[in-house]
Each structure stands twice: as C-alpha cells, then as structure tokens.
Amino acid sequence: MKASVRLGTLGSLLTIAIVPAVKADALEDSHLSLGLRNFYVDRDFKQNNAPQSRVGSWSQGFDLQFRSGYTDGPVQFGLDAAGQFAYRLDGGGGRATDTVLPYDKSSGNPVRDYGRAGLTAKVRMSNTEVRVGEQRPTLPVAYMDDSRQLVTTFEGATIESREWSRLTLNAGRFWKISTRESSNREDIYLFGDSPAQSSDGLNFAGARYDFTPALNATYYFGQLEDIYRQHYLGLAYTLSFGDGYSLKNDVRYYNNREEGKQLSGDLDNRSLGLMTALKKGGHTYTLAYQRMFGDDAFPLLNGYAPQPYLVNWSTIAFYKASERSWQARYDYDFAALGVPGLKFMTRYLRGVDINRGANLADNVESERNFVMSYVVQSGPLQGLGFEGRNIKVKTRYGADFDENRLITTYTWKFW
C-alpha cells in the first residue's frame with residue numbers, strides 16, 4: 001500500500017471520527033479507540049521433503065475504531081467507522097504465505113504493509129437495530145476472524161431485535177468479505193474454490209431463546225446463493241452442583257446442501273458436535289466429540305473464515321469429509337490463586353477416518369496446543385496483554401509442523 005493511500009485512509013477515518021455525524025447527543029455517547037497488536041509467528045514444517053521448510057513473519061497492527069452514540073427520538077441514528085492497518089517488521093525473505101500477511105509472488109515476500117477502512121450506518125428503534133456497512137459478525141452462519149492481524153470483516157445489512165426479554169432475532173445479507181490476508185472487499189465463495197465460483201451474497205436468519213439462565217436453544221438458516229443452504233441447531237445447558245462445581249453441555253448440528261446453480265457442485269455435509277465442560281474454581285476440564293457426515297468437508301468461506309461453532313475448531317479445524325474427532329482440554333485461571341489476568345490452556349485433538357477420495361487411504365491428523373496469556377490488571381500499563389502459543393500438528397498424509405506465536409496487545413481509549 002502506498003504511503004499516500006495509507007495516510008489518506010487514516011486521515012479520512014479521523015475526520016469521520018471528529019466531524020459530527022448527526023447531532024451532539026450522538027457524539028457525547030461516542031467512543032474512539034486504537035487497538036495495537038504486535039504479532040510474531042513462526043511455522044516450522046517437519047515432514048520429509050517439505051515444499052517449504054519454514055514460514056512466518058513479525059508485524060505490527062493497528063485497529064482504529066469510532067463508535068458513535070445515537071440521536072434522540074423514537075427512531076435513532078448513528079455512524080461507526082473503523083480502519084485497520086498492518087506493517088511487516090521483519091525481512092521475511094524467501095518465505096511463502098504465513099496466514100497473516102498477504103504474499104507478493106513477484107517479490108517472493110510477504111507484503112510490506114496493507115490495510116482497509118469501512119463505515120457502518122446504524123438505526124435503532126426501541127430494542128431493534130439495523131446496521132448497514134462493515135460488520136464483524138459472530139454468528140453460526142458467518143464469523144469474523146480475529147486470530148491474526150487484520151480482522152476478517154463482512155459488508156452487508158443486518159437487523160437484530162431484542163424486543164422480548166428471552167428472545168434474540170437476527171437476519172441479514174452479506175454481499176462482500178474482507179479476509180484476514182487482504183486489503184480488498186471480495187465476493188463470497190467457498191474456501192478452496194476460485195473467484196469465478198463466487199456467490200451474489202449470503203442471506204441468513206436466526207433466533208436464540210433463553211428458556212432459563214442455564215438453558216438456551218439457537219436456530220439459524222443460511223443461504224450462500226447458488227452454492228449452499230445451511231441449517232444450524234444448537235442447545236446449551238449448564239448444571240450447577242453446588243460447592244463451586246458446574247457442568248456446561250453443548251449440542252451443535254449443521255446440515256449443508258447445495259442450492260441454486262450449484263457453483264461449487266454437489267455438497268453433502270452434516271456435522272454433529274458434542275461438548276461438555278466441568279468447572280471448579282479456576283479449573284475447567286473439557287471433552288468434545290465431532291463427526292462429519294456425508295461425502296464432503298464442512299463448507300468454509302474464502303480466506304479460511306473460521307467457524308468456531310464447530311466444537312473442535314482449531315488451527316487445522318477438523319472439518320474434513322467423514323472425519324471423526326475428539327478433544328481433551330484443560331484451562332486454568334490463576335485468579336483462583338490471587339493472580340488475576342494470568343491464564344493457561346492446553347488441549348489435544350485427534351481426527352480419524354478422513355476421506356481423501358476414491359482409492360486413497362483415509363487420513364489421520366492431530367493437534368496439540370499450549371497457550372499462556374496475561375493481561376496487566378492495574379497501573380499505567382493496565383490492559384496490556386501478552387500471549388504465547390505453541391502448536392504442534394501431525395498428519396499421516398499432509399503437512400506436519402510446529403508453530404509458535406507471540407502476541408502483545410493494547411487498546412488505547414481516547415474517550
């Protein structure tokens with residue numbers, strides 16, 4: 001990205017943040033923040049004759065966000081704006097794509113910098129809000145990706161209603177996606193396909209109902225036009241046993257089938273996920289099982305947009321055709337020992353029976369994670385976060401690798 005473009009993007013965003021969008025009331029309730037993320041990643045491939053022995057980068061990211069309040073009146077208006085920018089700090093010579101920065105094939109390096117900006121108009125009436133523009137959804141049918149540098153965002157129109165105390169309704173349409181490794185807004189298509197197979201848009205509608213504070217059910221329908229129809233059903237229930245013990249149970253089911261012009265061909269995938277988590281004090285023990293049914297893998301959106309509603313979502317995701325996967329996970333919150341802000345997580349996942357196609361033996365894969373994080377709780381550095389993550393992946397047919405990530409984050413709140 002040229003310097004003039006970078007400065008123009010940030011300058012325009014600051015102008016939007018400062019100039020009154022509607023009325024003083026909207027500005028009085030507004031917020032301006034700058035998120036900083038320093039991200040180092042190194043992936044070392046371990047299998048024999050690996051096409052690339054090592055990939056990785058070190059970069060600094062910026063996420064400037066302006067959130068307006070609302071005007072007065074029965075119908076209230078507001079305007080949000082966001083600008084993201086990342087700059088590569090290391091040389092990165094000779095390294096291929098690292099899942100963080102876009103890769104420039106002509107130079108053989110990750111790009112030096114990239115960024116993007118977006119606006120979101122919003123209208124609120126009672127407890128119903130309409131948003132048009134850039135979105136960061138966390139829905140069973142579309143999910144943002146905040147795991148690298150720039151956040152995966154969608155462009156579209158959504159409506160959320162909370163007119164009833166226990167019921168949340170959502171609906172909308174996304175027509176563009178900005179993936180984590182791109183400055184551009186792109187049409188939506190399936191991960192592994194080409195832009196020639198892109199859809200005109202992703203339509204969705206869904207609801208969550210809280211029967212009690214401990215029991216809720218969720219249903220969503222998604223339609224990626226001319227590619228697939230998707231149904232999601234989720235049920236969560238938390239049991240309290242007293243003496244600080246609780247058991248959270250989740251059941252999550254997806255049904256994915258081709259639709260319309262079938263731009264990605266036939267699609268036959270269903271997934272069932274079961275997860276239970278026992279919590280006592282700072283300890284949480286989690287077990288999960290996930291099964292993919294049908295001839296195809298779970299459909300992911302371009303840019304490897306995540307779907308954390310799959311109970312075994314991780315670095316390699318365990319979403320392949322016919323895959324059966326298990327997860328054992330342990331979390332500890334050191335606040336129980338008087339050290340708030342310090343957390344530890346480790347987990348092991350294994351997937352078997354992965355269908356690689358006709359006349360090919362089934363694949364097996366596994367992943368092991370260690371994560372340690374700390375957020376400063378007080379003083380002049382309050383909110384400064386540190387995270388170290390070690391990932392080890394093994395497969396019978398595919399890429400084995402060890403990966404290390406070091407992440408430092410801080411959010412500067414201007415007002």
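Reply: Let us begin with charges and rings: a charge sits over a ring if NZ of Lys or CZ of Arg is within 6 Å of the ring centre and within 35 degrees of the ring normal. Here the charged end of Arg124 is placed over the ring of Tyr70, 4.0 Å from its centre, and Arg356 lies over the face of Tyr397, at 3.9 Å from the ring centre. This is a predicted model, in which local features need pLDDT of at least 70 and side-chain atom pairs count only at pLDDT 80 or more, while totals for chains, interfaces and linings use all residues. Residues are numbered from 1 along each chain as its sequence is written, and side-chain values use heavy atoms, with hydrogens and water left out.

Me: How many aromatic pairs does a search of the whole structure find?

Reply: Rings of Phe, Tyr and Trp (its six-membered ring) pair if their centres lie within 6.5 Å, and planes under 30 degrees apart count as stacked, over 60 as edge-to-face and the rest as tilted. By that rule the search finds 17 aromatic pairs. One of them joins Phe45 and Phe401 edge-to-face, with 5.9 Å centre to centre and 70° between the planes. Strands are DSSP runs (E, at least two residues), numbered from the N terminus; since Phe45 lies in strand β1 (residues 31-45) and Phe401 in strand β20 (residues 401-413), the pair ties together parts that are 356 residues apart in sequence.

Me: Are Phe45 and Phe401 buried or exposed?

Reply: Buried means under 20% relative accessible area, exposed over 50%, and partly exposed in between, using a 1.4 Å probe and protein chains only. Phe45 and Phe401 are both buried. Tyr304 and Trp313 form a tilted pair, 5.6 Å centre to centre with 35° between the planes, and both of these residues are buried. There is also one aromatic cluster, formed by Tyr143, Tyr232, Tyr254, Phe298 and Tyr309.

Me: Which strand pairs with β18, and in what sense?

Reply: Two strands pair if DSSP finds at least two bridges between them. Strand β18 (residues 363-375) pairs with strand β19 (residues 385-395) in the antiparallel sense over 11 bridges, and Met372 stands opposite Gly388 in β19. Strand β19 is also joined to β20 by 9 bridges, the two running antiparallel, with Phe386 opposite Thr408 in β20. These strands, β19 and β20, form a hairpin with 5 residues between them, and Gly398 in the turn has a positive phi of about 150°.

Methods
Helices (H or I, at least four residues) and strands (E, at least two) are DSSP runs, numbered from the N terminus.
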